[in-house]
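This report describes the architecture of one protein chain for a reader who is new to structural analysis. Please consult the sequence and the structure shown below while reading.

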Amino acid sequence: MLLVAVVAAIVSCRDDGMARGVLSLADSLMEERADSSLALLRRDSLLFEDAGKDVRMAYVLLRTEAEDKCYVTHTSDSTMLPAAKYFAAHGTPLQSVRAWYVLGRVYCDLRLYGHALTAFDNAIAVNAGGDPAACRYKSRACTWAGDVYEKKDLHDEALRYNKRAYQYARKSDVPTVEVYTLRDIGRSYSGLKRNDVAIPYYQRAAVRAMALGDSVLYNMVAGELATVYIEEGMLADARRALSNLPYSEVKENIAAHYFTWAEYYEAVGRLDSAMEYNLRGMDYASEYINRDICRDLARISLKQGKRGEAMRYCDLYFTYADSLKDDEAAEYDNLLSYMERMLGIERDNVALADDKARLVVWLSVVVFVVLVAAFVIIRYFLNVRRRAREQHERVKKYLRRRHEREMQGVKRNSERIRQLEGELASSGKRQSELRNSLMRNEAEMLELRNKLMAFERQHSELLAADFAETEEYKLFHDPTARPTSADYHRLVASLDRTYENFTQRLKDFYPGISENEIWICCMVKTGLTSKEVCLKSVYTKYSLSMAKHRLYAKMFNKKGSSKDLDKFIKDF
């Protein structure tokens, strides 16, 4: 109970509501009044010590971003790195984009450019839909990634990021972001020695900055445009651009303003003015920029014939270089490690692409094989159905002929003869002589047809009796005999003579019949029992019965026993 009471007291002391209110106010001031936002967060910092983790992480994010906007140099990632990881796991897409971007800015101050590029890439990769605020931070992440590549003279990569920044800027909720991206695209083209393309981008950026009434932004863009004019020898345009710049209190703009005037004066031959403006600019610039300005001062001094001053500026250049050597080595090591990771990822992507290509080929082959197999199977079953229909028609035709033959038998003819004789006896004079002659003629014709049918039946019986006396018949009925294939062929010839081309009629009736099935039918037609057939072949009683069963099913498309097949063959 005591533990519960202590926890309840601690929780009751937390005032997340007030802390969230401060965060909301600071966030609303971030874009226009970053200094006020930072002052507010610093003043109420104690308010966040007992707040929940989400509030504390939000405080770290906002304070770090406010310090970045107020040009406070970051000296560690110990607070921002956990915040970025927290929001990546638990925050909204906007919070995740924002946290990764701010972490990238921290690494830029630490000159860990490899880590910075990784953080910026993470920010760009967050799926935030079309949220304008997220697009604002993604555009800035692309811009600063491009700036990293610009510092290392990798202008192609910088241009790629800067163009992506412009695409995000067009969807963002802050119009100044688009101005920065247009300026950065111009900067990349200038680095690629394509000032003819760079100048229109700078001009568009300057027009947009002027329309927004942002003097600081206009100073920056117009100053860089003047530098490009100087490179192209467009000195009148450069002077016009520099003369129209309003005053700026931002140190970076002041330094760039002086250095640009120094370039202009050197280009027009006023070397004393160039020296003076370079020296003024050094009071506001960083050590990295001052190192390069010392080299320019040494060059101008040599032009003036002041070798002593040139040597002094060379010594100062090397002093700056020695001071920055360790930092630059760390920068390059960190950047190289990032590039190695990117190359590893690219190699993995190439391997995955190769695997995907092989998989696509194999899937294409499998699909093709499946389609061909499906086509063959469908074609096969269609042929089976077609053959089944054709066989059904043959069976119907055979049964119809058989029925007609039975209907035209001697009995029917005899009944018709008696009917005609009765009509003749009762007709008398009521019918014409011609009609009587026709009936007598029909009666005589039917009598002759009955005699013919009797002769045909007798002939068939004589042929069957004669077949029973042949050597082939006796050979196959001899239980001890082992007939050869030649004996079988002679038996087939005898069957065809006796039963009106028996085997050919079988093939006409069922074209799909096999040689083994014809052999079984011949044995049945010869009058051999199943036991005798088995003695003359490799069939067992069961396998012979199954063979007859299957043959009957194929002939008539319905089930039937071996006895049904025997009866059909004997009557066929």
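Which residues are exposed on the other side of H26? They are Lys 563, Lys 567 and Lys 570. It should be noted that the model under discussion is a predicted one.

**The chain as a whole**

The protein chain contains 26 helices and zero strands. Of its 572 residues, 39% are buried. Its accessible surface amounts to about 33400 Å², and carbon and sulfur atoms account for 56% of that area. When contacts between residues at least 6 apart in sequence are considered, 61% of them join residues at least 24 apart.

| Helix | Residues | Buried residues |
|---|---|---|
| H5 | 80-90 | Met 80, Ala 83, Ala 84, Tyr 86 and Phe 87 |
| H26 | 562-571 | Ser 562, Leu 565, Asp 566, Phe 568 and Ile 569 |

In helix H26, the buried residues lie within an arc of 165° when seen down the helix axis, so they line one face of the helix. The other side of H26 carries the exposed residues Lys 563, Lys 567 and Lys 570.

Why can the buried residues of H5 be said to line one face of the helix? Seen down the axis of H5, they fall within an arc of 165°, and therefore they line one face. Lys 85 and Ala 89 are exposed on the face of H5 that is turned away from its buried side. The cover over the buried residues of H5 includes helix H4 (53-69) and helix H6 (93-109).

Note on methods
Residues are numbered from 1 along each chain as its sequence is written. This is a predicted model: local features need pLDDT of at least 70, side-chain atom pairs count only at pLDDT 80 or more; totals for chains, interfaces and linings use all residues. Side-chain values use heavy atoms; hydrogens and water are left out. Helices (H or I, at least four residues) and strands (E, at least two) are DSSP runs, numbered from the N terminus. Buried means under 20% relative accessible area, exposed over 50%, partly exposed in between (1.4 Å probe, protein chains only). Contact means heavy atoms within 4.5 Å. Accessible areas come from the Shrake-Rupley method with a 1.4 Å probe; for residues, only the protein chains shown count as cover. The arc is that of the directions from the helix axis to the C-beta atoms.
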